[in-house]
Amino acid sequence: MIFDDELTPTQLRNVEKVFKRRVLDRTNLILDIFAKRARTAHAKVQVELAQYQYLLPRLTRMWTHLERQRGGIGLRGPGETEIETDRRIIRDKIARLKKQLEKIDKQVAIQRKNRGKMVRVALVGYTNVGKSTIMNLLSKSDVFEENKLFATLDTTVRKVVVKNLPFLLGDTVGFIRKLPHHLVESFKSTLDEVREADILVHVVDISHPNFEEQIEIVEETLGELGSAEKPTILAFNKIDAFRYEPKEEDDLTPKTKDNYSLEDLMQTWLKKENIKSIFVSAKNKTNIEAFKDLIYEDAKEIHVTRFPYNDFLY
């Protein structure tokens, strides 16, 4: 049984007792997906730390098959002793993983510092919206991409040049509704790439029926990271996968979002003030040159302030 919320250890134990089935809550499921997707040493340490932090308060229910005696000093049952032993082992592992992660984070911070004053652009968005495909297209690299949740767990940074203007482009881990706090803590260094970016490219899957809800979730997450006010470009991806089935209307039926065509959505978003948006297909390379121009304009504005004497670039 899978629940779409985080359950307490007591709730997990009670539900398993009633239904006599294995129970997974939302956090457990997401951690399991992350563990399967982790490829680099950095990602594996981050996921392992989050798993142990999640497991520690839930150890009790794992030892319910052992007898637990009650009584005075020295009369604790074997189950209780095993739990205490396991808790100590897990606490030691958490401490060791945190030290390991601190060491990796310092190395990542040094790498970030060595990039100098170059303009940084970060691709952000909900999971599985096509960020890595766009990354590969713009940077001509081979970042792992696949049509599945959390295909990318590590931040990949590549140097990109558009019209003689160099900037750094970063592909970040995808956001999701109710992201477990253990993962937010563990992936702090990965999310730092978003915090330190000069420009955000918010990639949206326009073919997803709930894309507007996903936009709100990403914007909330960016707000929590203190990055909501950064210059942002909304890139509506996957226009090739957009499906429109016109419904019969009469003069009395108002047009709703349920029967908007792609052209209707484009007109709606492009007319919004203070929002830079563009509709692309990374798969079919549709409108990519206009997309590059949009990034170039924002990157150039920042670049000129940092390197005022590089007029030859423009």
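**Ile 199**

I began with the contacts of Ile 199, counting heavy atoms within 4.5 Å as contact. Leaving aside neighbours within four places in sequence, I found Ile 199 in contact with Val 119, Arg 120, Val 121, Ala 122, Pro 231, Asp 298, Ala 299 and Ile 302. This is a predicted model, where local features need pLDDT of at least 70, side-chain atom pairs count only at pLDDT 80 or more, and totals for chains, interfaces and linings use all residues. Residues are numbered from 1 along each chain as its sequence is written, and side-chain values use heavy atoms, with hydrogens and water left out.

I placed Ile 199 in strand E4 (residues 199-205). Helices (H or I, at least four residues) and strands (E, at least two) are DSSP runs, numbered from the N terminus. Is Ile 199 buried or exposed? Ile 199 is buried, at a relative accessible area of 0%. The cut-offs are under 20% for buried, over 50% for exposed and partly exposed in between (1.4 Å probe, protein chains only).

In sequence, Ile 199 and Ile 302 are 103 residues apart. In space, their C-alpha atoms are 9.2 Å apart.

**Helix H10**

Helix H10 covers residues 288-306, 19 residues in total. From first C-alpha to last it reaches 27 Å, close to the 27 Å expected at 1.5 Å a residue. The expected span is 1.5 Å times one less than the number of residues.

I listed the buried residues of H10: Ile 288, Phe 291, Lys 292, Ile 295, Tyr 296, Asp 298, Ala 299, Ile 302 and His 303. An α-helix has 3.6 residues a turn, so residues three or four places apart point the same way.

**H5 against H10**

Next I looked at helix H5 (residues 131-139). Its axis comes within 12 Å of that of H10, and the two cross at roughly 85°. Axes are lines fitted to C-alpha atoms, for helices over the stretch in contact, with angles from 0 to 180 degrees between N-to-C directions. H5 is therefore roughly perpendicular to H10, a label for 65 to 115 degrees (under 35 is roughly parallel, over 145 roughly antiparallel, the rest oblique).

On the H5 side, Ile 134, Leu 137 and Leu 138 make the contact. On the H10 side I noted Ile 288, Phe 291, Lys 292 and Ile 295. These contact residues divide into six nonpolar, no polar and one charged.

**Two Asn residues in loops**

I looked up two positive phi values. Asn 128 has phi near 65°, positive in a residue other than glycine. I found it in the loop between strand E1 (120-125) and H5. Asn 128 is partly exposed at 25% relative accessible area.

Asn 287 also has a positive phi, about 65°, and is not a glycine. Asn 287 sits in the loop between strand E6 (276-279) and H10. Its relative accessible area is 36%, so Asn 287 is partly exposed.

**Aromatic rings**

How many aromatic pairs does the structure hold? I found three. Rings of Phe, Tyr and Trp (its six-membered ring) pair if their centres lie within 6.5 Å; planes under 30 degrees apart are stacked, over 60 edge-to-face and the rest tilted.

Phe 236 and Trp 269 have ring centres 5.1 Å apart and planes at 55°, so the pair is tilted. Phe 236 is in strand E5 (residues 232-237) and Trp 269 in helix H9 (residues 262-270), 33 residues apart. Both are buried.

Phe 236 and Phe 279 have centres 4.6 Å apart and planes at 15°, so this pair is stacked. Phe 279 is in strand E6, 43 residues from Phe 236.

Conventions
Nonpolar A, V, L, I, M, F, W, Y, C, P; charged D, E, K, R; others polar.
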